[in-house]
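Open the model in your viewer and keep the selection tool at hand.

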Amino acid sequence: MLSAVPRPPLRRLLPAPACARRRPHSSGHPAPPPRPMAAPPGLKPLVAVGQVTSTPDKELNFAACAGLVREAARRGACLVFLPEGFDYIGSDTAQTLRLAEGLDGDLMGRYTALARECGVWLSLGGFHERGQDWPTTQRIYNCHVLLDPSGHLAATYRKTHLCDVELPGRAVMKESSFTNPGAEIVAPVDTPAGKLGLSICYDLRFPEISLALRRAGAEILTYPSAFTVPTGSAHWEVLLRARAIESQCYVVAAAQTGRNHERRTSYGHALVVDPWGAVVAQCREGPGLCYAEIDLDYLHRVRREIPVQGHRRPDLYGTVVAAGLAPPSNPERGQI
């Protein structure tokens with residue numbers, strides 16, 4: 001019976017309670033920086049999802065994000081997610097381009113040191129990157145950077161779907177006017193919480209990328225975002241839940257919230273959805289964190305009991321395959 005699969009949400013957390021996973025430090029001295037490389041035996045890995053209000057002030061933004069990362073590490077999270085534009089959100093195109101840096105620049109160096117200090121994986125969900133072609137194109141990339149606890153660059157994904165949207169009187173965006181589209185989808189990365197598939201914001205509207213990542217072995221999909229209020233209030237949660245249900249993955253979505261500058265306000269509502277489609281953690285208004293446990297046993301149970309991958313009909317409508325993205329060496333029966 002499939003009725004046994006659903007379970008109630010873990011909890012909605014903001015602020016989160018002190019993490020019961022970590023034993024109190026009783027020496028009378030401050031606890032050392034945590035090093036949660038993986039969850040202890042019998043405990044599920046904990047992830048922390050950030051909600052921030054980035055502005056054009058890069059120093060203030062870094063201070064706010066670093067504070068959230070340190071708080072998440074203290075509470076035992078092994079993986080911390082920050083949203084698109086975590087570095088800054090410029091007030092106009094000229095400022096956006098002027099503030100951009102390379103991956104070898106000062107700001108990414110500071111996040112590398114922060115990952116090492118806190119001993120956590122960092123999903124930095126939308127870095128304004130001056131790529132190697134900056135001198136000739138004068139355009140940037142919207143780059144999702146994944147750092148491991150040693151500060152090593154584990155993966156980079158450059159946003160492939162650029163947001164060119166015009167809602168008269170409500171929102172106008174022309175990302176392609178200053179951003180180069182990425183050229184590839186990146187294979188899922190092994191983390192202590194599961195195999196992580198990288199996307200960014202507007203990619204959420206294209207299920208093909210989530211299906212390609214799922215076929216390549218993803219267990220968690222992440223959509224760090226900066227949704228506007230009109231589109232967020234209409235589509236944010238329903239799209240994230242749809243991606244979780246159709247892929248049978250956890251979906252993690254860090255978000256921008258509130259007034260970024262005089263011409264932009266972001267929707268917020270950072271959240272985590274489980275493979276059944278239930279919202280298991282969600283941020284309230286304002287900057288902060290929400291937390292969720294990643295239960296891979298539950299994920300595989302959902303996949304066993306509703307084996308949609310094995311029921312697909314590639315003979316009728318083909319198979320979604322990303323260029324250069326191979327399925328895992330031990331694919332589920334009937335997946336390919």
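The tour below goes from the core to a helix and then to a group of strands.

This is a predicted model: local features need pLDDT of at least 70, side-chain atom pairs count only at pLDDT 80 or more, and totals for chains, interfaces and linings use all residues. Residues are numbered from 1 along each chain as its sequence is written, and side-chain values use heavy atoms, leaving out hydrogens and water.

**The core.** Select Val49, Leu79, Phe81, Leu146, Trp236, Leu240 and Val272. These have the most contacts inside the largest nonpolar core, which has 55 residues. Such a core is a set of buried Ala, Val, Leu, Ile, Met, Phe, Trp, Tyr and Cys residues joined through side-chain atoms within 4.5 Å. Buried means under 20% relative accessible area (1.4 Å probe, protein chains only).

**The helix.** Select residues 229–247, helix H6. Helices are DSSP runs of H or I, at least four residues; strands are runs of E, at least two; both are numbered from the N terminus. Among the buried residues of H6 are Trp236, Leu240 and Arg243. Just after H6, colour Gln248: its phi is positive, about 55 degrees.

Now select strand E4, residues 141–147. How many of its 7 residues are buried? The count is 7 of 7. Tyr141, Cys143, Val145 and Leu147 lie on one side, with Asn142, His144 and Leu146 on the other.

Pairing requires at least two DSSP bridges between two strands. Leu124 stands opposite Val145 in E4.

Finish with strand E5 (residues 153–158), antiparallel to E4 over 5 bridges. Here Ala155 is the bridge partner of Leu146. E4 and E5 form a hairpin with 5 residues between them.

Methods: Buried means under 20% relative accessible area, exposed over 50%, partly exposed in between (1.4 Å probe, protein chains only). The expected span of a helix is 1.5 Å times one less than its number of residues.
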